[in-house]
Amino acid sequence: MTDLPDFSSPKGADSELQDFLLAEKQKAQFHAQIHEFNDFCWDKCVDKPGAKLDSRTETCITNCVERFIDVSLLITNRFAQMLEKGGGMQ
């Protein structure tokens, strides 16, 4: 009758908690990855900080981030394929 989760059974509470923790872990991993490619691309593309980015630096940062994302997606998809085939990481 209500949309509230049923915490009366330990299994329901555990499942809700596990789902919440998984979502929070994924958020944290996403934020960590953003910081990682920000640091990497900044070090690669910015020679000397100024009041604004020149077009060459802006293009370099854009391309760097796009390649970083491409590689991350490639690796993620490859691991997903391995898991689907039952290869796993063992």
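**The largest pocket and its surroundings**

Modeller: Happy to! The residues lining the largest pocket are Gln26, Gln29, Phe30, Gln33, Ile34, Phe37, Phe68, Ile69, Ser72, Leu73 and Thr76. Two elements each give two or more residues to this lining, namely H1 and helix H2 (55-84). H1 provides the largest share, with six residues. Sorted by class, the lining holds six nonpolar and five polar residues, and no charged ones. The space in this pocket comes to about 290 Å³. Please keep in mind that the model is predicted.

Now let us step back to the chain as a whole. Its secondary structure consists of two helices and zero strands. Of the 90 residues in the chain, 11% are buried. The chain exposes about 8000 Å², and 59% of that area is supplied by carbon and sulfur atoms.

One part of the surface also deserves a visit. Leu17, Phe20 and Leu21 make a nonpolar surface patch of about 290 Å². Leucine 21 sits in helix H1 (residues 10-45), the helix that also gives six residues to the lining of the largest pocket. Is leucine 21 buried, exposed or something in between? Its relative accessibility is 43%, so leucine 21 counts as partly exposed; that class covers values between the 20% limit for buried and the 50% limit for exposed.

Note on methods
Residues are numbered from 1 along each chain as its sequence is written. This is a predicted model: local features need pLDDT of at least 70, side-chain atom pairs count only at pLDDT 80 or more; totals for chains, interfaces and linings use all residues. Side-chain values use heavy atoms; hydrogens and water are left out. Helices (H or I, at least four residues) and strands (E, at least two) are DSSP runs, numbered from the N terminus. Buried means under 20% relative accessible area, exposed over 50%, partly exposed in between (1.4 Å probe, protein chains only). Accessible areas come from the Shrake-Rupley method with a 1.4 Å probe; for residues, only the protein chains shown count as cover. Patches are made of residues with over 30% relative accessible area and no salt bridge: like charges are joined within 9 Å, nonpolar side chains (Val, Leu, Ile, Met, Phe, Trp, Tyr) within 5 Å. A salt bridge is a side-chain nitrogen of Lys or Arg within 4 Å of a carboxyl oxygen of Asp or Glu. On a 1 Å grid over the protein atoms alone, a cavity is a set of points where a 1.4 Å probe fits but cannot get out, and a pocket is an open set with protein on both sides within 12 Å along at least five of seven lines; lining residues have an atom within 4 Å of a point. Grid points are joined across faces, edges and corners, and a volume is the space filled by probe spheres set on the points. Ala, Val, Leu, Ile, Met, Phe, Trp, Tyr, Cys and Pro count as nonpolar, Asp, Glu, Lys and Arg as charged, and the others, Gly among them, as polar.
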